[in-house]
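I opened the notebook to look up charged side-chain pairs. The entries follow in the order in which I looked.

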Amino acid sequence: MSLTGLFLCTFLAEHLAGNLLLFVNDGGEMYEKYSEFLVSNPVIRTIEIVLFASIIWHALSGFVVWLQNRRARPVKYEEYRLGDNTELASRMTMLSGSVIFFFLVIHLGSFFVPLRVTGSDVGAYHLVQEKFSSLWFSGFYVLALLLLAYHLRHGFQSAFQTLGLRGKGYDSILSAIAFIFWFVIPLGFASIPVYFYFFRRASGAAFTLGLL
Amino acid sequence: MNFKLKIWRQKNSTDKGRFVEYLVKNISPDASFLEMLDVLNVELTRRGEEPVAFDHDCREGICGSCGIMINGRAHGPGHGAATCELRMRAFQDNETIVAEPWRAKPFPVLRDLVVDRSSFDRIMVAGGYISAKTGGVPDGNAIPISKPIADQAMDAAACIGCGACVAACPNSSAMLFVAAKVSHLALLPQGQPERKSRVERMVAQMDAEGFGNCSNNYACEAECPKEISVSNIARMNTEYILAKIR
């Protein structure tokens, strides 16, 4: 869980770095080139397989661990004040993970499948623009990214604990890096649907002008 | 002080068990939780009822015998204290107090608040020992161990094996207990001959007993009466990984 989790974290950093090209004000020209590169580069295509395998491994092992942990306490407590001693993020990894998995299915179906598998009439930039014009779609993205933040708030430090790399005198550096992963990166991702919904909506120019 | 108690009563390991409510009156705020149960049991005996069974021995927080889930917390409210060290002043007058046994598959309930913790013993048998013949007690200054290492080993050795870590953990994981035992011996020279096999065997036995997996919630550290740090779990994970790849 820890190794696949950390690998997926590195992917998130790369994915966000690339997606920040969406903010370049050139009508999506640079983003189209970047998208084209991702689809055609053989190295990326190889890493893609590792990436999908990691997601599946991470989700499956998470599910197995959850199931085993449930079985370890067949009779539940009448009163159990777990919240006194643990963080919310640590208690809801199964919930946040499940929503993220559901999100990934929608996300891949919306962008990966048309751009990489079936082929799309419109370019990548315009597809993004079109999808995020929907309030429901953008709202769901923001909600899923909020849960991703919670998932990583627990998960990032947890991976280092599992690998035995915590409590060795550099915990403050580790929590600073953890902050980037659980807060800055999900915030960066969430800014994309928000930006597109309010300022780059496919048919929403009038709305934007009205808002301003 | 007066209290309303809601206590788990179970005749034996096959009985289904249920909660029974009792009233206790005129309890000193300085009485320990176990002394309060003693008062209840005297009253129950007088009435010809079966007294509440609970584990206890030293009653000064060093033996690890006692352990009750009190109001949803292992060893009750507060930190760094076993059930025997918990005073009734920690509760409000007339408060309803829920007392139930540790809940975990490897800790089957034997009677009322007593659970069978022999799964911990079997983990110890699997590797919690040293084979080095250490002889008599050597002079303190003759042992070549630095102060920081000795302190870390001592902090881990403070584990009394009460099972609060398992009881508090949402996954019923025994990682803190096993990690304390592994750390304690892995840090000291006497523990080196079995260093590799110890961690492998103890972890294997822990899994065989049916304890859950650690998901790094750290509820164990918060409820441990000896305040054993989860950094011991990180150390055990390192020991385990190194034992597997070497």
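Notes on the source. This is a predicted model, where local features need pLDDT of at least 70 and side-chain atom pairs count only at pLDDT 80 or more, while totals for chains, interfaces and linings use all residues. Residues are numbered from 1 along each chain as its sequence is written, chains are lettered from A and ligands numbered from 1 in the order in which they are written, and side-chain values use heavy atoms, with hydrogens and water left out.

Entry on one network. I looked up Arg81(A), Asp84(A), Arg73(B) and Glu223(B), which salt bridges link in a network.

Chain A end. Arg81(A) pairs with Asp84(A), with 3.1 Å between the closest N and O atoms. I looked up accessibility (buried is under 20% relative accessible area, exposed over 50%, partly exposed in between; 1.4 Å probe, protein chains only). Arg81(A) is partly exposed at 40%, and Asp84(A) is partly exposed at 39%.

Across the chains. Asp84(A) also forms a salt bridge with Arg73(B), at 3.3 Å from N to O. This pair runs from the loop between helix H3 (42-71) and helix H4 (88-91) of chain A to strand S4 (residues 73-74) of chain B. Helices (H or I, at least four residues) and strands (E, at least two) are DSSP runs, numbered from the N terminus.

Chain B end. Arg73(B) meets Glu223(B) at 2.6 Å, N to O. Glu223(B) sits in helix H7 (residues 219-223) and Arg73(B) in strand S4, so the pair ties together parts 150 residues apart in sequence. Arg73(B) is buried at 8%, and Glu223(B) is buried at 4%.

Notes. A salt bridge is a side-chain nitrogen of Lys or Arg within 4 Å of a carboxyl oxygen of Asp or Glu.
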